[in-house]
Every structure is written in C-alpha cells, then in structure tokens.
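I set down here what I looked up in this model, entry by entry.

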Amino acid sequence: MFNPASTTHDLGIGRLLDRIRDAVSETMHALVESAPDAIVIVDSDGRIVLVNAQVERLFGYTRDALLGQSIEILVPERFHAQHRTHRFDYFMAPVVRAMGVGLELHGRRQDGSEFPVEISLSPLETEDGVLAMSSIRDISERKSAEARFRALLEAAPDAVVTVDESGTIVLVNTQALELFGYERSELVGNSIDLLLPDRFQNQHHVHRTAYLATPRRRPMGVGLDLFAKRKDGSEFPAEISLSPLETPEGLLVMSAIRDITDRLRAERALLLNEQLEARVAERTAQLEAANHELEAFSYSVSHDLRAPLRAINGFGQILVEDYADAFNPESRRYLDLMVSNATQMGVLIDDLLTYARLSRQPLQTREVDTTALVHAIIADLRDEIGDRAVEFIVQPLPSCQADILVLRQVFVNLLQNAVKFTRGRTPAMIEVAWDAAAAPDGAYVVRDNGVGFDMQYAGKLFGVFQRMHRSDAFEGTGVGLAIVKRIVTRHGGRVWADAEPNVGATFAFTLPPAERVPDADG
Amino acid sequence: MITFPHGSVDILLVEDNPSDIELTLRVFRKHNMSNHVGVARDGVEALDYLFSRGEFAGRNQADVPKLILLDLKLPRLDGLEVLRAIRTDPTTQVVPVVVMTSSREDRDIVESYNLGASSYIVKPVDFDQFTEAVRQIGYYWLLLNQPPSAVVE
C-alpha cells in the first residue's frame, strides 16, 4: 500500500497534479467537483490522479488517501486481475464508452463492503499522455429495484415475457420458461419470434410496430388471442395482455401469456351443449305441436264422425218402424246390415279414440292394489256374462305403481277377451295370477281355457285392427289388445301371449319396479 | 219441415245438423212431449230469439222456454258462448239448459258445467238409446222438474 506521504511519491504526484491543473481548466475542475456522479481520473498506469467529493462520499476515503493509489483500491480483490487487463486494453484504444456492459461491476468501500456500480469512461488527452476519466454510479438501489421487479414477475400467476422495442426478449419469469419449455438462457437476448409459429411472425411484426406507435395497457380478454409455439414445436392458443414500461434504457413491453386450450375446449363444449339444447327444445316444440294436432283431430273425429252414424242408425230404425209392411225378409236383412255396420263403425271410432287418447295422456302413477282392482272388474263383468258358467280364480297379486285408470283398461280388455273367447266352454275358467318366473321381475298373467289362437300369427296379435278370428265367429274391432300394449309400454313394461288352439290362451304383462316408471307425475 | 213458431215454445232446440233435428223432433212427437218446439239453427239465431233481437224483435222476452237443448258445435257462435250468454242474462239465467252433443271430451264437459249447464248428455249413436235419452230428458225437465216460479207467463 502506497503511503501518499512518501516524499518521492509526493514529488511525482505533485508534479502530475500541477500538470493536470494546467491541463484541466478551472471550469473543468469545477465541473468535475460538482458532478453528481463520482468521478475518478487515472493515468495510463492506473494511478488515481483526481477524485471528486462524490468519490469520497461513495467509497468512504478521503481524497488524500486515494490520490496516487492504484485504481484497484476501489475494486474488490477477486476482480483485480481482470480489471488490470481491461485497463491495458482500454488505453490501447481509448474511446468514450460504458464499461463492461453486461458485466456485474462492483466497487469496494474503505470498510471493505461492496456495492454494484455502473461505470462510463472517457479519454482525456494531455501533454503527458492519455488519462481516463471514469464516472462511477452506485446502482444498489436500481439493482434492488430490479430484484424486486424480478421477484414480482416470478410471483405472477401467468407467464410474463418482457421485450424491448426491437422485439428482443429481455426478461422472462419461471412460469414462461415452464409454459414454453425453454431455459432462461435460450430466451433472453433472442427475438420474440421464437415463441410464435412461423405463419404468424409477419403479422406479429406489424402488430408490434403499431403498438409501439401508441403503447398503452391492454388487458386480457380484449380479443388479443393468438397461437404460441413451444420449444418442441407444438402450438397452443394463447391469450395475452400488454403493458408498456418506460425505463431509462427505453420502452419495454411486458406481456402476460395464458394458455387457453382448456378454456376454449370448455367454451366449445358449452356451445355444443347450447346447440343441443336448442335442438331438443325445437324437437319438443315439434312434438307438442304434433300432439296438439292429434288432439284437435281426435276432437273433430269424436264429433263429426258420430253424427252421420247416428243418422244412418236412426233413419234405418225409423224406416222399419214406420214402413214395416214395405219390407220383405230380404230387404229387411239389407237394412239391418246397414244399421249394424253403422253401429260397428261407432264402436270402432270409440276404440280408436281411446287408443289415441292413451298415447298422449299423461300418466298419474301411484300404488295400486291390483287384487282389489281385478275383483272390482270381475264384479262388473258379471252383468255382461249373465247366466253363463264362468269361473274366475284370482290368486294373490302384488301391488304395483301405475295409473289406475289405464291399468284398469288393461285388465278389462284382457278379461273381456277371456270371457269372449271362452264362449262355448262349460265351465269357462279364467285365472288371474302372478308368475314370478315369467319375467326377471315377475309378471301378471290372465289365463283362460277358451279357443286360443294359432301361435304362428302371434306377431300380429297386438297390432291395431289385427284379429285372430273371423268376425262372424267372434265380434270385435281388433283394437283391444293394441290398447293393452300401448298402456303397458307407456308404463315401461312388456306384454306377450302364449296359446294353443282349442286349449286356451295366456296373456302376460310386466310393470317395472316403482323407481323405474317413466311418465310418472311428480 | 222445420218451422219456428211465433208464439211461445216449451222447448228451444239449438242444433245445426238436420238429421239430428229430425230425429229429435220425431222423438218428441212420438212421445207426445210437446207441440211447441222451436229450432234455432245456430247460436246467433238462438240468442236473437231469447233476447228478442233481429228477426225476433218485438217478441215478449219474458216468455222463456221451459227447456233449452243445446248442441255445442254450432256455426257462427258456438254452444259454449250461447250458454255463457244465457247464464249472464237475468231473464234466461234460470232456464234449464241441457247440453246435448256428440263430444265426450273432458274439457267440453268441464267447461259446460262451469258455465252453468244443468245437465250434459252425449248423444248416443244407437237410435234406440238416442230415443230413450231424449224421452227421459223431456219427461224429466218438462214433467217431473219444477220450473222456476220467477218466470212470468
């Protein structure tokens, strides 16, 4: 360590100082002294020949302690070798420049503590050679501000990429590295184009230029959607926000980037859902319209078709009453046929209307005591049966969940059929029972010992207007079983039949367990 | 064949179907129900008669029928509207109105009673049953039933 008080040195320095004083004008002196930055002037050997008051303040030395010292006194020891090299290089080609751009420069105080600095150099021509004037700025605050800023970016939920005016990436946070799959070193210093698919790069350029003309904050969701490209080349839809950032070094643009693949997928699903719902609503409306039409149709049928029938019936009857003598047996027979056909048509219309009504009427299901229902129906049938020997056997029947009015219709039709087709049997035997084995959840069965039918034609059994027997043998419209099938199907069950000609027939139907009944109210 | 008596009527038949009119009148005739039956071919004619309007202006409005047989599906003004009008007017309010119609639709039945019909009969297709129905209606409302004494002759 030089002792500035040593005489030899004193003389050398003193002489140099004089020289400088001569070289450097009074004004320059005043300027240097009053400069806000710390200014140190060194000679080509790196010896400090001039310092200003800021240097004293910044480094904690008195002026006298520094004059004549090697400049390395202000540099942390580990950088001394490097610094000396830089010094030599500088004096080879001294120019005005910032020192060590991109390097982390540090100054060392008298107490040994270090602080980050920014240094700029200017050469000074003197008669004794070139001097280097360096201005030194303590950038501790800026460094900590930068550190705080970086910390903020790291804490941000989104990926944040910051570029300068030329589109070069200057800052990325970890989220951005993870999102795009890069290392920090691979992104910082490179063009933002790296993160864009090729086909968008030109367009992005245009947008960037336009943005720089009028930079302002643009939040997400303002339609700034585009595709971004990961390191592996894969693309993803992204939503970005832009914020301009004024810095001493120029304008920076910060953009937060969000991968919206999931959100787009969800939106698409929602749209699809809405479209589906719209379609369903449309279909439902169509169905309701069709139902209304059917209702109007049934209504007019019920009125308009019956009146002419009544007329045919009525006037036919009147003819016989008033003009009995004018008829011989044959003409009378024709007349009777006309009237009976009209009557038959009336029955047909009633059956058809019942069938149509059953197709659209809402079901009101509740628990039904099936055994009681069957007994009640049989009691009513007794009147129709009259004197005929008909034996009814009603086994214990489990209750079920059904619309009692239409369920009644099922049993009525099946039992009426059994009564009809056992004509000629003495006694007619009709059994109503529960067969647990007939179906997975069991089934109600109605068995009779009547004429039965040929199983070969059983497929048509439940069709509308389909009959197994000729109408001169057994009357009927052929709608009864179609009605049975309609009702059972609407409850979610099945109906089928088994028969043997001249032995009898068995009709069975299921009703689903309570929880599964469709069309149920409430 | 179908005339409208200019005097009092016992029965006002409101019906547009000619066959039904003929069959109904025959039953009344055959069973000596009444010689004074008026036929209105649609709702407007019926109300004109009852309220002494139009071609029936000048008729004594207090002279109301003992029974009105009302079909529902009529041209111009339909049966339910006629019923509503009959039940709104103080003079005709208490006259028995039997709805006789082909319709078995629930909504017609419900609405008819809501509007104050005294009875609702579905016209049978079978003539024997039809005859029986008309006969019973005539017997009940003209002979058995006590008409409201508020009606002044």
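I began with a surface patch: B:Tyr139, B:Tyr140, B:Leu143 and B:Leu144 form a nonpolar one, with about 440 Å² of accessible area together. Patches take residues with over 30% relative accessible area and no salt bridge, joining like charges within 9 Å and nonpolar side chains (Val, Leu, Ile, Met, Phe, Trp, Tyr) within 5 Å. Accessible areas are Shrake-Rupley values with a 1.4 Å probe, and for residues only the protein chains shown count as cover.

The model is predicted: local features need pLDDT of at least 70 and side-chain atom pairs pLDDT 80 or more, while totals for chains, interfaces and linings use all residues. Residues are numbered from 1 along each chain as its sequence is written, chains are lettered from A in the order in which they are written, and side-chain values use heavy atoms, without hydrogens and water.

Leaving aside residues up to four places away in sequence, A:His204 touches A:Ile192, A:Leu196 and A:Leu226 (contact: heavy atoms within 4.5 Å).

Lastly I examined the contact between the chains, which takes 18 residues from chain A and 23 residues from chain B. I noted five salt bridges between chain A and chain B (a side-chain nitrogen of Lys or Arg within 4 Å of a carboxyl oxygen of Asp or Glu). One salt bridge joins the side chains of B:Asp20 and A:Arg310, at 3.0 Å from N to O.
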